[in-house]
Amino acid sequence: MTSETRQVRSVRFYSVCIGVGLLAGLLSGLFGVGGGTVIVPLLVLLLGFNQRLAAGTSLAAIVPTASVGVISYAVHGSVAWIPALILAAGAVIGAQIGTWLLPKLSQTALRWSFVAFLAVVIVSLYFVIPSRDADLVLTWITGPLLGVLGVITGILAGLLGVGGGIIVVPALMLLFGTSDLVAKGTSLLMMIPAAVSGTVGNLRRSNVDLRAAACVGLAACTTTALGAFIATLVDPLVGNILFSVFLAFIAVQMGIKAVRGRHQR
């Protein structure tokens, strides 16, 4: 996006930001994800943002969005606070590793591997239905495993630019037997420290459009609670089906990037 475009803020610009925020907030609350998988491509497609600026703006918008989501899930007792902090600490470490590995690995191979991972998760969601009464119990075994999950999440985030919720939510449900609601609330809390840290770094590099981030973030806050409320109403099986459709959308996006990356080589 050019400097001239940044200076001209039309009604369309703010309308698009609000629309993107409303959609991202609803998905964030419903699935326990940051919403970046929706915000980034729409900012690029509809407003002409470059990929880096879109990602930085999205990360900044995620901070208030995830905060409202955490509060919404916390009201229903669906946030595992200590496990979320363990996941966040691991993710911060993993993100540094992922950034270091980024120039050393084939992005096309990584993307296809992630698509395969999502395919396995999508199939699993139809066979493993979480219990609404299942909590995320912290023990001497689950504690270190959560740390490992956080590191893996951070590495993939650094390598592929995917949000942690896409990995953490299904992992908590399928591997830790956690309630879908607790998985989503915990995932949203885990995102906040990383999003704040990333936003500070992006601001220093001028990779954030603050007005767009504020507009998207504030709009998202108005629908995040609604998404979280809907999540409490739907049956766990229905929730899994909806989440699998969302993951399929992400898998298609990642597959398209992999094909384009191969052709560009």
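Predicted model: local features only at pLDDT ≥ 70, side-chain atom pairs only at ≥ 80, totals over all residues.
Student: Let's begin with charges. How many salt bridges does the structure hold?

Tutor: Side chains of opposite charge can pair when their charged atoms come close. In this structure, aspartate 180 pairs with arginine 132 in a salt bridge. The count for the structure is one.

Student: How far apart are the closest N and O atoms of aspartate 180 and arginine 132?

Tutor: A salt bridge needs a side-chain nitrogen of Lys or Arg within 4 Å of a carboxyl oxygen of Asp or Glu. Aspartate 180 and arginine 132 form such a bridge, and their closest N and O atoms are separated by 2.7 Å.

Student: Which parts of the chain does that pair link?

Tutor: Aspartate 180 and arginine 132 are 48 residues apart, and the pair links distant parts of the chain. Aspartate 180 belongs to helix 9 (residues 180-204). Arginine 132 sits in the loop between helix 6 (107-124) and helix 7 (142-160).

Student: Is aspartate 180 buried or exposed?

Tutor: A residue counts as buried under 20% relative accessible area. Aspartate 180 has a relative accessible area of 1%, so aspartate 180 is buried.

Student: Now the helices. How are helix 2 and helix 3 oriented to each other?

Tutor: Helix 2 (residues 11-31) packs with helix 3 (residues 36-47) at an angle of about 160°, and their axes are 10 Å apart. Angles over 145 degrees count as roughly antiparallel. The crossing is right-handed. Helix 2 and helix 3 are therefore roughly antiparallel.

Student: And how is helix 4 oriented to helix 10?

Tutor: The axes of helix 4 (residues 51-75) and helix 10 (residues 210-233) come within 8 Å, crossing at roughly 30°. With the cut-off for this class at under 35 degrees, helix 4 is roughly parallel to helix 10.

Student: What hand does the crossing of helix 5 and helix 9 have?

Tutor: The axes of helix 5 (residues 81-101) and helix 9 come within 8 Å and cross at roughly 45°. That angle makes helix 5 oblique to helix 9. As helix 5 passes helix 9, the crossing is right-handed.

Student: Staying with helix 5, how far is leucine 87 from threonine 186, C-alpha to C-alpha?

Tutor: Leucine 87 lies in helix 5. With 0% relative accessibility, leucine 87 counts as buried. Leucine 87 and threonine 186 are 99 residues apart along the chain, and their C-alpha atoms are separated by 9.0 Å.

Student: How far apart in space are alanine 157 and glutamine 96?

Tutor: Alanine 157 is in helix 7, and at 28% relative accessibility alanine 157 counts as partly exposed. In sequence, alanine 157 and glutamine 96 are 61 residues apart. From C-alpha to C-alpha, the distance is 9.7 Å.

Student: Where does phenylalanine 249 lie, and what separates its C-alpha atom from that of leucine 145?

Tutor: Phenylalanine 249 is placed in helix 11. Its relative accessibility is 39%, so phenylalanine 249 counts as partly exposed. Phenylalanine 249 and leucine 145 are 104 residues apart along the chain, with their C-alpha atoms separated by 28 Å.

Student: One on the backbone to finish. What is phi of serine 206 near?

Tutor: Serine 206 sits in the loop between helix 9 and helix 10. Phi of serine 206 is positive, in a residue other than glycine. The value is near 60°.

Terms used: Residues numbered from 1 in each chain as written. Heavy atoms only, no water. Axes fitted to C-alpha atoms, helices over the stretch in contact; angles between N-to-C directions. Helix = DSSP H or I, 4+ residues; strand = E, 2+ residues; numbered from the N terminus. Parallel < 35°, antiparallel > 145°, perpendicular 65-115°, else oblique. Left-handed = near helix turned anticlockwise from the far one by under 90°. Buried < 20%, exposed > 50% of the residue type's maximum accessible area, 1.4 Å probe, protein only.
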